[in-house]
Structure formats: C-alpha cells, structure tokens
Amino acid sequence: MSIKALPSLSETVKTHGLGANKKLGQHFLLDMNLTDKIARLAEPLEGHNVAEIGPGPGGLTRALLLRGAEKVIAIEMDERFIPALAEIGDMSDGRLEIAQGDALKYDIAANLSAPRKIVANLPYNVGTKMLINWVTASPIFWTQLVLMFQLEVAQRVVAQPGDAHYGRLAVLCQSVAYCRMAFEVPARAFTPPPRVDSAVVVLDPMETPFEDLKTLGRLTQEAFGQRRKMLRRSLRKLAEQSELDLDEWLGSCGINPKARPETLPVSAFQDMARAINANR
Ligand code: SAM
C-alpha cells in the first residue's frame, strides 16, 4: 500500500470528524493538486529533511512524502489530527514523524538533522511570529523556507522600499534570505475559506546573512513602530541608550535624519545596526 491508496482528504476529514477550529487558524487545503504545487517549490526533497508546521489533515504532508522527502516531522498542536496523520505514517516507510504540541516551543534544529527545510501552510494567528523566530535564529539552521501566509503577510516579506507593505518584516527577512513570492491562492481554495486570500513565499538563505539580527530587530522596531515619523524623532531614544549622537550616527551611515523609514533600503538599516555595535 502507498500514500496514493489513502482515502481522499475530504473523506479523511469526514471519517475522523475534523471540523475546523478557528482559534487554531484552521483552514484546510483539500486539493492535492495545490498541496503538490507547494511541495514542488521545495524540490529537491530527496536527501532533505522537512519540518511541516500544522499539518492538519495532512494534504501537504502527503505531497511532501510523495515528492521524496527523506524525512518529515509534522508538528501539530491539535490532537484530533493525530490518527489521520498516523494513517499517512503507516504508508510512508518510516519517513513521517508526528510531534504533537506547540510549534512555537518546538526545537526543529535539535530534533531534525540537516539539511532542513520548513514547509507549511501556517496558522494565521502565529505564522508571522514563527517566521521572525526562524529568520532571527543564530545560526540559520534551515536551507529553505516554503511558507503559505495570508497575502498581506507574504507581501510584507517581499516588499521593497517605498511599497506600502515595506517594513520590519521585509528588512529582517531580506537581511538573511533571498525572498520571493511564488504564487497567490484565493480564499475559496480553503475549507473553510478564510476572509482573505493567501500566498506562498520562498526564502533561500544568503551565503553570508547579516550577522546581528538582534540589533537589527530592535532598530527596525523603533524605526517602523512610528513609521510616519522622521528617523530623528523615532530613533532618538535608541541613540540615547546606545550613547550615540543621533545626527553623527545617521550622518556616518549617509542617512538624512529627516528621512522616513519606509524610504530606506535594507542596507541602510544594516549600516545603522553595525554603527550601534561599533560603538559598544
Ligand atoms: N497544513 C494543513 C492544510 O494545509 O490543510 C492545515 C493548515 S491550517 C492553516 C494550520 C494548522 O496549524 C492547523 O492544523 C492548526 O491546528 C495548526 N496549528 C495552529 N497553531 C499551531 C501551533 N502553535 N503549533 C502547531 N500547530 C499549530
């Protein structure tokens, strides 16, 4: 028996009584063409270990295994899905491990050997938090992220200076990885449909990622926390705490203190963060 012989995802949901729990951001992809399209973005999967967050009824899990992933750890908070996932495990030659619990507390690097990819249709309520944890990890422990978010979050990941969605998430993600929008998925493709459309983004780590995400995180929080303000206003407190003269600091990075954060390239934030460190 193989994974292909399993009942359809709709039947699995029905026989196991897997109604969606909105509190856990449950919107399922029951179309295997779509889950296969996402899994294909993560190819090659042979020789790669995959952490899948929130497998739910297991559509993407099936696709990842069918596309040849060496091993998949599926981390699911809702215990109702474990029997359906175990049925996939029974057909997967020991390649599927199921971990029940909160993925925010799960140490992927400790539990899955390299090379690791993270592939997921993420729960909306905690997806951004997970992404920030992965891009600010030191060292970067993954070789690729293939992630489905609500469209607006995906746009924030790939946004460029001047775009309405450009902000902290773009600066952090684009400081460690090449980020691209793969494709959009309309809300009607999910069961039940969410209120907004979704999109899949792919992050491939840079050979030399920016080294100090902690300082960059703090700096972007201050700068974009008050995105309508000029930098000389929003960064005053951080300059004081870092014992830097604000105008000198920004001037040494070639940045006009009257600039607003959404106009600056990622490299400008990196220069400002480096200058804070150089002063320590
Ligand atoms: N991957 C499935 C699919 O595409 O059909 C389900 C995706 S659904 C958007 C999100 C899944 O994440 C749900 O199964 C939900 O139970 C699970 N989930 C929510 N919060 C979680 C957490 N903190 N840790 C692990 N899983 C979580």
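This is a predicted model: local features need pLDDT of at least 70, side-chain atom pairs count only at pLDDT 80 or more; totals for chains, interfaces and linings use all residues.
A polar contact is a pair of N or O atoms within 3.5 Å. With Gln 26 the pair involves a polar side-chain atom, which is placed 2.8 Å from an oxygen atom of the ligand. In total, 21 residues surround the ligand, and the closest are Gln 26, Gly 54, Glu 76, Asp 102 and Asn 121.

Two helix pairs were also examined. The axes of helix 2 (residues 32-41) and helix 3 (residues 59-66) come within 8 Å and cross at roughly 55°, which means that helix 2 is oblique to helix 3. The crossing of helix 2 past helix 3 is right-handed. Met 32, Thr 35, Asp 36, Ile 38 and Ala 39 of helix 2 meet residues of helix 3 including Leu 60, Arg 62 and Ala 63. The contact between helix 2 and helix 3 comprises seven nonpolar, two polar and two charged residues.

For helix 9 (residues 213-225) and helix 13 (residues 266-278), the axes come within 9 Å and cross at roughly 120°; helix 9 is therefore oblique to helix 13. Helix 9 passes helix 13 in a right-handed crossing. On the helix 9 side, the residues in contact include Leu 216, Leu 219 and Phe 224, and on the helix 13 side they include Phe 269, Met 272 and Ile 276. By class, the contact of helix 9 with helix 13 holds eight nonpolar and four polar residues, with no charged residues.

Conventions:
Residues are numbered from 1 along each chain as its sequence is written. Side-chain values use heavy atoms; hydrogens and water are left out. Axes are lines fitted to C-alpha atoms, for helices over the stretch in contact, and angles run from 0 to 180 degrees between N-to-C directions. Helices (H or I, at least four residues) and strands (E, at least two) are DSSP runs, numbered from the N terminus. Angles under 35 degrees count as roughly parallel, over 145 as roughly antiparallel, 65 to 115 as roughly perpendicular and the rest as oblique. A crossing is left-handed if the near helix is turned anticlockwise from the far one by less than a right angle, and right-handed if clockwise. Contact means heavy atoms within 4.5 Å. Ala, Val, Leu, Ile, Met, Phe, Trp, Tyr, Cys and Pro count as nonpolar, Asp, Glu, Lys and Arg as charged, and the others, Gly among them, as polar. A residue is near a molecule or strand if one of its heavy atoms lies within 4 Å of it. A polar contact is a pair of N or O atoms within 3.5 Å; within protein, one must be able to donate a hydrogen and the other to accept it, and residues adjacent in sequence count only if both atoms are side-chain atoms.
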